[in-house]
Amino acid sequence: LALLFCLGDLSKNNEITTIKAAGINILRIITLFLIMGFVIGTCGFAVKEFIVPKTSLYNKTIEKEKIQKEEANIKTEFSDLIIPVLNNTRVTIDSLNTEENVMKNITIEKYSEKFKIEQLVLAEIGVWENDSWLLKNGVIRNFNADFWNETRFEEYNSNIHIKPEDMATQDISYNSMNMHALKEYINQRRALGQTTVRERIILNMRFAEVFTYIVVMMIGVPFAIGFENRLNKILSFTLAMAVTFIYWGTQAITKSLGENFILSPFIAAWLPNLIFSAIGVYLLIKVKK
């Protein structure tokens, strides 16, 4: 809107015509707006990277204590957790305390590629020690084709290296994560054997959003200065707004296609920019310099 109003006024007052008559290529003004688009996009990226993650830490506290007049308690106890792990393994936990780093009544099931159970580990207690879960007071059952054997243990290293806080089910806000935190979260989900398509799309969109403002500028400039009389400027304004909404709609569609495994996360995030950049370049070429 700022672009349309700014260039629209220049065109309305014949200042664009005056600039051209003075022998100045209109590309100099267009380039200025493209640079500003990049600057705005970079500033937006910096805000999401450095400011939003820090301020969002106080969001729930302020909401609870100042608005709802409640105590903002950090949840440390969780129950009935089912956690997929790599190598066709699933962990079921009756209760988990992330403050004490202890879990109780643990079941670890390991399956073959044909989804037949190969090993079952049952334990009363699990303690987080030396970056691994140490199980206590349990039994290991190994299953073969026709029989199974059982071994009891007092202590058993499960070789599961997932931190207690990562096992806990928590509400995740991607907007409160910077790039480093988001990449770590993706790696954690992969370690748990969970899909990370949605998170990788969001990660790629963080970079794509920087160039979104440039794309909007590329499309808006020709509409803002491409017509001479007032009626056509209203039409250009309407068309530019329509194209902008179509852009956001296209972005929503490609994101949905990516989340449904039809497009790769990179293509899902960047395809709208690629399509509308091509349209913008074509429109800019048509502008009289």
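Thr196 is buried, because its relative accessible area is 4%; here buried means under 20% relative accessible area, exposed means over 50%, and partly exposed lies in between (1.4 Å probe, protein chains only). Thr196 sits in the loop between helix H6 (179-191) and H7. Helices in this passage are DSSP runs (H or I, at least four residues), numbered from the N terminus, while strands are runs of E with at least two residues. Not counting residues up to four places away in sequence, Thr196 touches Ile186, Arg189 and Arg190, where contact means heavy atoms within 4.5 Å.

The structure is predicted, so local features need pLDDT of at least 70 and side-chain atom pairs count only at pLDDT 80 or more, whereas totals for chains, interfaces and linings use all residues. Residues are numbered from 1 along each chain as its sequence is written, and side-chain values use heavy atoms, with hydrogens and water left out.

Asn204 is found in helix H7. Asn204 is also buried, because its relative accessible area is 18%. Leaving aside neighbours within four places in sequence, the contacts of Asn204 are Pro265, Phe266, Ala269 and Trp270. The C-alpha atoms of Asn204 and Val85 are separated by 26 Å, and these residues are 119 residues apart along the chain.

A search of the whole structure finds nine aromatic pairs. Rings of Phe, Tyr and Trp (its six-membered ring) pair if their centres lie within 6.5 Å; planes under 30 degrees apart count as stacked, over 60 as edge-to-face and the rest as tilted. One of the pairs is Phe38 with Phe211, which is tilted, at 6.2 Å centre to centre and 50° between the planes. This pair links distant parts of the chain, since Phe38 is in helix H3 and Phe211 in helix H7, 173 residues apart. Phe38 is partly exposed because its relative accessible area is 40%, and Phe211 is partly exposed because its value is 36%. Another pair, Tyr247 with Trp248, is edge-to-face, at 5.1 Å centre to centre and 75° between the planes. Tyr247 counts as buried because its relative accessibility is 2%, while Trp248, with a relative accessible area of 40%, is partly exposed.

Phe38 and Phe211 also belong to a nonpolar patch on the surface, together with Leu32, Ile35, Met36, Val39, Ile40 and Tyr213. The accessible area of the patch is about 700 Å², computed by the Shrake-Rupley method with a 1.4 Å probe, and for residues only the protein chains shown count as cover. Patches are made of residues with over 30% relative accessible area and no salt bridge: like charges are joined within 9 Å, and nonpolar side chains (Val, Leu, Ile, Met, Phe, Trp, Tyr) within 5 Å. A salt bridge is a side-chain nitrogen of Lys or Arg within 4 Å of a carboxyl oxygen of Asp or Glu. H3 gives the largest share of the patch, six residues. Met36 lies in helix H3, and counts as partly exposed because its relative accessibility is 40%.

The UniProt record (unreviewed entry) places the feature "transmembrane region" at residues 26-47, 210-227, 234-250 and 262-285; its positions are given in the numbering used here, feature names are shortened, and annotations may be inferred rather than shown by experiment. Residues 26-47 are 95% helix and 0% strand, with end C-alpha atoms 32 Å apart.
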